[in-house]
Amino acid sequence: MTEIEKAKAYLADVRKSKTLHCEWIKKAVLRHDADLKRKGWEFFFDEAEAARVLGMFSFFRFSKGDVSGKPFEIMGWFAALIYLAYGWRRKSGGRRFRKVYCKVPRGNAKTANLVNVATIGFLFDGQGDSEVYWLAMNKSQAKIGWDRQREMLRAMITDFPELGDAVYLPQGN
């Protein structure tokens with residue numbers, strides 16, 4: 001199943017209440033469905049952009065633990081989140097959603113997912129001189145995300161040497 005198929009399947013499961021989710025997820029999916037029908041407003045859904053961003057996840061590998069080095073498998077719930085966040089666009093340019101709040105329990109690949117989103121923003125978002133910041137409750141938590149991102153970027157440079165000239169990875173903390 002492709003990343004976009006995972007996203008659409010998750011949205012369909014939410015609509016049919018086939019998956020465990022909170023009321024806010026259901027509301028987000030219903031808002032998406034209603035907004036697709038709206039005419040003459042400042043936003044539109046770009047399926048090709050959602051597919052482009054989701055397709056990038058196939059290039060990423062895990063950077064820690066037993067799965068280190070293995071291809072990243074995006075979970076359906078996160079594929080749906082990316083689908084909605086990156087698919088909705090402003091007619092004036094840019095994304096509709098500039099911030100996403102995501103709160104899930106341990107073991108749901110939060111850091112790995114955010115490493116991939118940060119890498120997309122850093123390398124593939126079409127912005128010149130991109131910057132990525134890792135924020136957390138304390139410096140040691142933020143460092144976990146940065147360390148994983150650095151390792152994943154090193155793996156990408158190994159897989160795609162042409163990225164080496166575009167990415168500077170400092171060695172320090």
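Guide: Happy to. Let me start with a term: rings of Phe, Tyr and Trp (its six-membered ring) pair if their centres lie within 6.5 Å. Please keep in mind that this is a predicted model.

Visitor: Good to know. How many aromatic pairs does the structure hold?

Guide: There are ten aromatic pairs. One of them joins phenylalanine 57 and phenylalanine 60, edge-to-face, at 5.7 Å centre to centre with 80° between the planes.

Visitor: Are phenylalanine 57 and phenylalanine 60 buried or exposed?

Guide: Phenylalanine 57 is buried, with a relative accessible area of 0%. Phenylalanine 60 is buried as well, at 1%.

Visitor: And how do tryptophan 77 and phenylalanine 78 pair?

Guide: Tryptophan 77 and phenylalanine 78 are edge-to-face, with 5.3 Å from centre to centre and 80° between the planes. Both of these residues are buried.

Visitor: Which residues do ring pairs link into a cluster?

Guide: The cluster consists of Phe57, Phe60, Phe62, Phe72, Trp77 and Phe78.

Visitor: Nice. What about charges: which ring does the charged end of arginine 38 sit over?

Guide: That would be the ring of tryptophan 41, with the charged end of arginine 38 at 3.8 Å from its centre. Elsewhere, arginine 96 lies over the face of phenylalanine 43, 4.8 Å from the ring centre.

Visitor: Switching topic: how many disulfides are there?

Guide: Zero disulfides. Cysteine 22 is in none, and its nearest cysteine sulfur, on cysteine 102, is 10 Å away.

Visitor: Then how accessible are cysteine 22 and cysteine 102?

Guide: Cysteine 22 is partly exposed, with a relative accessible area of 38%. Cysteine 102 counts as partly exposed too, at 34% relative accessibility.

Visitor: Last topic, the backbone. What is the phi of serine 17?

Guide: Serine 17 has a positive phi of about 55°, although it is not a glycine. Its place is in the loop between α1 (3–15) and α2 (23–37).

Visitor: Why point that out?

Guide: Because most residues other than glycine have a negative phi. Alanine 109 is another case to look at: its phi is positive, about 60°, and it is not a glycine.

Visitor: Where does alanine 109 lie?

Guide: Alanine 109 is in the loop between β2 (88–90) and α5 (110–123). Its relative accessible area is 22%, so alanine 109 is partly exposed.

Methods. Residues are numbered from 1 along each chain as its sequence is written. This is a predicted model: local features need pLDDT of at least 70, side-chain atom pairs count only at pLDDT 80 or more; totals for chains, interfaces and linings use all residues. Side-chain values use heavy atoms; hydrogens and water are left out. Helices (H or I, at least four residues) and strands (E, at least two) are DSSP runs, numbered from the N terminus. Buried means under 20% relative accessible area, exposed over 50%, partly exposed in between (1.4 Å probe, protein chains only). A disulfide is a pair of cysteine sulfur atoms within 2.5 Å. Rings of Phe, Tyr and Trp (its six-membered ring) pair if their centres lie within 6.5 Å; planes under 30 degrees apart count as stacked, over 60 as edge-to-face and the rest as tilted. A charge sits over a ring if NZ of Lys or CZ of Arg is within 6 Å of the ring centre and within 35 degrees of the ring normal.
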